[in-house]
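I opened the notebook to record a few look-ups.

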Amino acid sequence: MVSHYVDSEVGRLGTVMLHRPGPELARLTPRNSGSLLFDAIPWVSRAQEEHDAFAAALRERGVEVLHLAELLTETLASDDARGELTEQVLRSPRLGDQLRARVADHLAYLDPATLASVLIAGLAHEELRISRERPGGLVYQLMDRHDFVIDPLPNLLFTRDSSVWIGGRAAVTSLAMPARRRESTLTDAIYRHHPRFAGTEFAYRPGMEHLEGGDVLLLAPGVLAVGVGERTTPAGAERLARQVFAADLAHTILVVPIAQERATMHLDTVCTMVDADTVLMYPNIASALVAYTVIAGTDGDDPRVEGPAPFLRAAADAMNLDQLRVIDTGLDPVTAEREQWDDGNNTLALAPRLCVSYERNTETNAQLERAGIEVVPIAGSELGSGRGGPRCMSCPLLRAPLAGETEPAEGRGRVTALS
Ligand SMILES: NC(=O)NCCC[C@H](N)C(=O)O
């Protein structure tokens, strides 16, 4: 068993899980892209090139990159995992008994790599092997040949959302949008059946109240921020608070309401951390954002809720800082709005003051560099068509503890707000 541990957003990144986009992206058409949560139809091979360059940039900086599809293939060597994941797709009420039996026959023949690929890319009616002796029945006959018997998971690319590590535990989330719900069955199977993750303990389970990883920020050891809006519900935030308090993984949770809009679907679309005391924030909402502070109860009491208070103030207080240093997305309200939409806020910290960002967000990247944050730019013209940046596309499994890295750099004001 390898140990996995994450207690901040910015401790030096050791291991990350990515998903290289594959044939599931080729399932997107103008007719289904809305329900599959993409804003444009990506050019698949270019998206793969961009993703390969992202993975290479991480590896060049010493990060161990794990690929979800490879982990899933290895996981499917376990008969238990295979049985569970097959049963989950067969449970769909859309299939009906006769077609369900035919899909079960089809899946039973697949080797682990092909089964992993079908679980990710889905299965179209025309790809299902049906013999004359065992026909598909009414449901099969009434389907169009391009209809999905198993839906594809094009958003698996955004590995941030289906699981998040909090301390040494995996929180496997409960995704809100129907198009994404099955993603967490895959991450859950990996953590429960892959030998690398043997003995993993869990901080959250699929099936609990809605919670998505993009809404969870590990502000500091023991302090989490959880966005509530389009995806994570207040009940999901409350459940997470109870879970992490019970496991002693945190003492304070800041619950942050965000607008229920596509542009701000997760907290990490408007705020990410680039140093132990520094956030990159969307200025058009930064001063209006508030937080409810949820504090662990003692001796089994319910958690205490305080606030609301301005988010930046509540966060600094919970993190024991005089003030959080703030770097703005963009330069003015219009470039800020453009670059926030293009995931300019959604940076992935590789270490304190070192982050990956989409190259297209030139104004935001210049702001970061001016503030002493080194930027590793990556191309994302195709990757961004699903609305997600480097943070959304990565699930950290191991970060170095922050001890010794929290002190301000020589000659750099720790508490200067840059705006
Ligand atoms: N954390 C994130 O903001 N993830 C991006 C998710 C994008 C995906 N197309 C979605 O709508 O869920």
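How many bridges join strand β1 to β19, and do they run parallel or antiparallel? I counted 4 bridges between β1 (residues 13-18) and β19, and the two strands run antiparallel. I note that this is a predicted model.

**Entry: the sheet.** Then I took the whole sheet. It is open, with 3 strands in the order β2-β1-β19 and mixed pairing. I have β2 (64-67) and β19 (395-399) as the edge strands, each pairing on one side only. Neighbouring strands here are turned by 20° against each other on average, direction ignored. I also checked what lies across the strands. Helix α2 (residues 68-75) lies across β1 and β2, and runs at about 60° to β2.

**Entry: Leu18.** I picked this residue in strand β1. Is Leu18 buried or exposed? Leu18 has 20 other C-beta atoms within 10 Å, so it is buried; the cut-off is 20 or more. Leu66 is 48 residues away along the chain, yet the C-alpha atoms of Leu18 and Leu66 are separated by 6.2 Å. Leaving aside neighbours within four places in sequence, I list the contacts of Leu18 as Ala55, Val65, His67, Leu68, Thr159, Met393 and Ser394.

**Entry: Asn345.** I moved to the loop between α11 (333-341) and β16 (348-351), where Asn345 sits. Asn345 counts as buried because it has 28 C-beta neighbours inside 10 Å. Cys271 is 74 residues from Asn345 in sequence, but 6.1 Å from it in space, C-alpha to C-alpha. Beyond four places in sequence, the contacts of Asn345 include Thr269, Val270, Cys271 and Thr272. Leu280, Tyr282, Thr329 and Gln340 are also in contact with Asn345.

**Entry: helix α10.** Which residues of α10 (residues 311-318) are buried? I read off Phe311, Leu312, Ala314, Ala315 and Ala318. Seen down the axis of α10, these fall within an arc of 165°, so they line one face of the helix. An α-helix has 3.6 residues a turn, so residues three or four places apart point the same way. After α10 I noted Asn320, with a positive phi near 65°.

**Entry: the ligand.** I found 16 residues around the ligand, of which Leu37, Gly214, His266, Gly388 and Cys392 come nearest. By type, I have the shell as 5 nonpolar, 6 polar and 5 charged residues.

How values were computed
Residues numbered from 1 in each chain as written. Predicted model: local features only at pLDDT ≥ 70, side-chain atom pairs only at ≥ 80, totals over all residues. Buried ≥ 20, exposed ≤ 12 C-beta atoms within 10 Å, placed from the backbone. Arc of directions from axis to C-beta. Near = placed C-beta within 6 Å. Nonpolar A, V, L, I, M, F, W, Y, C, P; charged D, E, K, R; others polar. Pairing = 2+ DSSP bridges. Axes fitted to C-alpha atoms, helices over the stretch in contact; angles between N-to-C directions. Contact = placed C-beta atoms within 7 Å.
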